[in-house]
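Student: I would like to learn how to read a model like this one, feature by feature. Where do we begin?

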Amino acid sequence: MNRKGLSLLLAVLFLSSIAAAPRVSASAGTELVLAVGKWKTLNPLTSSTVYSNVILDKVYEPLIRWDKSGTKVTSALAEKWEFKKEGDNKVLTFHLRKGVKWHDGKEVTAEDVKFTIELFKSNPAKFVNPDTLIINGLQEVKVVDKYTVQLVYNQSAAADKFLEMAFTTLYIVPKHIWEDKNIISDPTASLDKPEQLVGCGPFKVAEIKPGEYVKLQAFKDYYLGKPEVDTAIFKVLTDKNQFAMMVANGELDAGYFYFFGKYLKEFENMVSGDPNVKIYRAASKSTHLLAFNFKKWPYNDLKFRKAIAYALPVDKIVQKYYGTDGAKAGSMGFLGPFFGEYCKYMPKENLYPYDPDKAKEILDELGFKDVNGDGYRETPDGKPFKIYLLTRAPGDSFFRDAIGDEIANYLKDVGIKVDVDKAGDYWDKWGAGSWDMAIVGFVPHKPTDLIWFTSDNPGNRVGFSNKTYDETFEEFQRTGDPALAHKLEEILANNVVFIALYHPIVATPYRVDRYKDWAPNPRFLTLGYWSLLGNPEKPTTTTSSEKSSTTTSSSKTPSSSTSTTKKGEKGLCGPAALVLFAVLPLLKRRR
Amino acid sequence: MARGMVSYTLAKIAHRLLTLIFVILIIYTLLRLAPGTPFDQYLYQGKITEAQYEALLKEWGYRDSFLVGAAKMLYGMATFSLFKMKSPVYNKPIIDLISVRLPYTLSLVTAAYFFGAMLGMILGLYCARNRGTLKESAIIWITLGIRSLPVFWLGMVLLYVFAFKLGLFPFLTSSELHPRNVFHHMIDWLWHSLLPIIALSKIYAVSYLLTIRNMVSEEYTNDYVVSFRAMGLREDYIIERYVLRSIMPPIITMMAIDLGFLFGGAVVTETVFNYPGMGTLIYTAIWNKDYPVVLASFYIIAVAVILAITIAEITYAYLDPRIRRG
């Protein structure tokens, strides 16, 4: 081939690569492309990120799940369940649905449930995904018949309500797959092959590329019928800006990413006039607060903490960055309105309203006075005093830094010097306790997460210790009485264990041009179980589509194997083409 | 002569081995100095108890003394059993993690490397030959401008313009098209990776352009070039036959070092473009204090760099006997 021909060929190659179809249209049915963040493992028992749980929630079934609203529990694998008292013991009986199938066609039985619970109990340090309340006081797991399982708890078991909530975190796994050493050699290992991830949920795993995407396909034998979405591709994304752009130009349908404050405004401008982009807003259950280090003086002094509380107009600070509708004021009792009857909502301004004069008065009383006249107070024994404030956790929004600066400014007004630390090693410092005050985010999932403030809980990094609190918590966990939760929250508020800042109101966009029946709720936002289930088709009406989906599922295996064998070429051909591009000028050069 | 070559090579290899051990020890020390373990998050969230936490730390070697830990790692490297060790974060053999990432990284970085280096060399030569002209200063100014653009910024601009505004390229690097044939697959790969390749090749292009231009210009001031010109030899002939040959050794070293670093991927580019390569693996591993994965990755990079440099040196010791004699 002469040089001209070669360069022409390369030019054609280049242009055709640009013109290649941007999006593969699905051969049949609804295909959604969704974004999640990076996850470490898809093992349903060891997964520890919300992103993997968003995916696993579609592949595996728990016994009990959150309903469409995300606030009440409803039946999943267990059709019904009941609690019984047998002497001192509590017996929880699950009646499983009959005829539920694993993705490989075998039936789900009580043996699988027993296997899963016992596996979890054997190594709770490694299986960190399920809630430990499930095995708290668990004496025995009995298989009564093929569809009935009984769990016997002693008196240290949690309240019925809390046990129900705990079971929403336990994905039941198939015994026949997990005991097969050829498929899963180590149940605590990271799983990322479709044959390892056999569940009984509405979707089955068709293809996984670690760090890139997971492709799920509707499971036609799902007990509620085939889900409305046929294919869901979960892509890994790390950047909010990219997420915004991809949703705006239609490359993504939704994702577990959200905006607030000015980012939301920018996004709204970006998609203004596009009727296919909707925005779902919900108050997040996460709570951001200003914590005190109880292991240090003067932060262990209630008066000092109150002085700080009086010195800060939290509502003003939060509004400056989140606007009036971007965040809800946090509750001094930790749990936010998300927790319904368990929450006694106590914004800081109601209990300790902004009053800098009162703050100064308390500080004077404590002996913090400006002795050397530099504008900042010294400690009672005349040493310079400075608060070391940690603000940024990795991957967090920039608002926390700004809010930290704002807090420093208000404290300066009452004569306290603050060093704001915005370095990235937040977690190391937080864990080591080398901080005075810190802005920290907590994501409580259930009312019993009030345990984080009991004396010996490893999650209690602030070092708060209160005997009444510990005892009340014990009782609360056992009885589930909302009045006790309110009592706990009052103890926290009266002791000013932290200064509640805000619950962000998250906003996440989704597209309605390819799919309409989104059912977002505050738990998994737009990517919840109910969202992709839509209106499931009952198995009886799907005889015609059944054939097509079986053929696609059988053709799946060879095609995915070809893509792996082609990997070698992937590493070679592209660079080779580029080298040719680069050599082009040399070839064309006049000798 | 042959014996000189052998002893020279052996001495070099011994020297390199020491370098390798030294590099690994430095990295291991830095890792040990950084606080934190992969299990801290579980502890802080109250998912595991203090006792379980301690047991995990013991099991995964985070409670080993410095010397024991270092000895374990070095032994693992010497026998290559390091790659069979499991990462505490993924609970998976390291070889499984790296073997998935390495092809991605190599394809991206190799392409960028060749594309960038070629472009840089050609433009560098062009500049040297047109020294003092308007064209040359225009190229140099543009180059210096591009050089000062950070890669992450360039990456975001490329994405914004070509992926978002114009819609010509995809945002993500994952290719889902099931290829009909090799050629189709190649185009699909190129379409998905062109933006990161462009962003990354900038680094190579700029450095090679400036180096080559300076070296060739310097070589041009030598008397032999003047006399060849006076003899009426063609400019192309002088460059190919004499100038390029005399500047070859430093360029070979430069290329070899870059070649070795290909195995490390490109953290910034990979992060901006969501590219699942070695760079992001190392980055997250450092975040998670995943000692075995960090060490294994740096081990691969160090071996690759040292190997490439050694080969380069041996090559030009072979080409140029003066180097061999010291």
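This is a predicted model: local features need pLDDT of at least 70, side-chain atom pairs count only at pLDDT 80 or more; totals for chains, interfaces and linings use all residues.

Student: Which residues of chain B does UniProt list for "transmembrane region"?

Tutor: The unreviewed UniProt entry lists residues 13–31, 103–128, 149–169, 189–210, 251–273 and 293–319 of chain B. Take residues 103–128 of chain B next. That span is 100% helix and 0% strand, with its end C-alpha atoms 37 Å apart.

Student: How many helices and strands does chain B have?

Tutor: Chain B has 14 helices and two strands. Its C-alpha atoms fill a box of roughly 85 × 60 × 40 Å along the principal axes. Of the 326 residues of chain B, 37% count as buried. Now look at contacts between residues at least 6 apart in the sequence of chain B: 72% of them join residues at least 24 apart.

Student: Into which domains is chain B divided?

Tutor: Domain 1 covers 1–94 and domain 2 covers 101–323 of chain B. Their centres, taken over C-alpha atoms, are separated by 30 Å. Then read the contact between them. Here 25 residues of domain 1 of chain B touch 18 residues of domain 2 of chain B.

Student: Which elements give two or more residues to the domain 1 side in chain B?

Tutor: They are α1 (2–33) and α4 (66–78) of chain B. With 12 residues, α1(B) gives the most to that side. Sort the side by class as well: 18 residues of domain 1 of chain B there are nonpolar, five are polar and two are charged.

Student: Now chain A. How do I read a sheet?

Tutor: One open sheet of chain A has four strands in the order β4-β5-β7-β6, with antiparallel pairing. The edge strands are β4 (78–86) and β6 (138–145) of chain A, each pairing on one side only. Ignoring direction, neighbouring strands of this sheet are turned by 20° against each other on average.

Student: How many bridges join β4(A) to β5(A)?

Tutor: Eight bridges join β4(A) to β5 (residues 89–96) of chain A, and the two run antiparallel. For a residue pair to locate, Lys80(A) stands opposite His95(A) in β5(A).

Student: Which helix packs on this sheet?

Tutor: Helix α3 (residues 110–122) of chain A does, touching β5, β6 and β7 (148–153) of chain A. The direction of α3(A) makes about 165° with that of β6(A).

Student: How do I read burial along a helix?

Tutor: Start with the geometry. An α-helix has 3.6 residues a turn, so residues three or four places apart point the same way. Then list the buried positions. In helix α4 (residues 160–167) of chain A, they are Phe162(A), Leu163(A), Met165(A), Ala166(A) and Phe167(A).

Student: What do the buried residues of α4(A) pack against?

Tutor: They pack against β2 (64–66), β3 (73–75), β5 and α14 (467–479) of chain A.

Student: In which sense do β15(A) and β16(A) pair, parallel or antiparallel?

Tutor: The sense is parallel: β15 (residues 386–390) and β16 (residues 417–421) of chain A pair over five bridges. Lys386(A) stands opposite Lys417(A) in β16(A). Two bridges also join β15(A) to β17 (residues 437–442) of chain A, and these strands run parallel. In β17(A), Ala438(A) is the bridge partner of Leu390(A).

Note on methods: Residues are numbered from 1 along each chain as its sequence is written. Chains are lettered from A and ligands numbered from 1 in the order in which they are written. Domain bounds come from an automatic or database domain assignment. Two residues are in contact if their C-beta atoms, placed from the backbone, lie within 7 Å. Ala, Val, Leu, Ile, Met, Phe, Trp, Tyr, Cys and Pro count as nonpolar, Asp, Glu, Lys and Arg as charged, and the others, Gly among them, as polar. Two strands pair if DSSP finds at least two bridges between them. Axes are lines fitted to C-alpha atoms, for helices over the stretch in contact, and angles run from 0 to 180 degrees between N-to-C directions. UniProt positions are given in the numbering used here, feature names are shortened, and annotations may be inferred rather than shown by experiment. A residue is buried if 20 or more other C-beta atoms lie within 10 Å of its own, exposed if 12 or fewer, and partly exposed in between; C-beta atoms are placed from the backbone.
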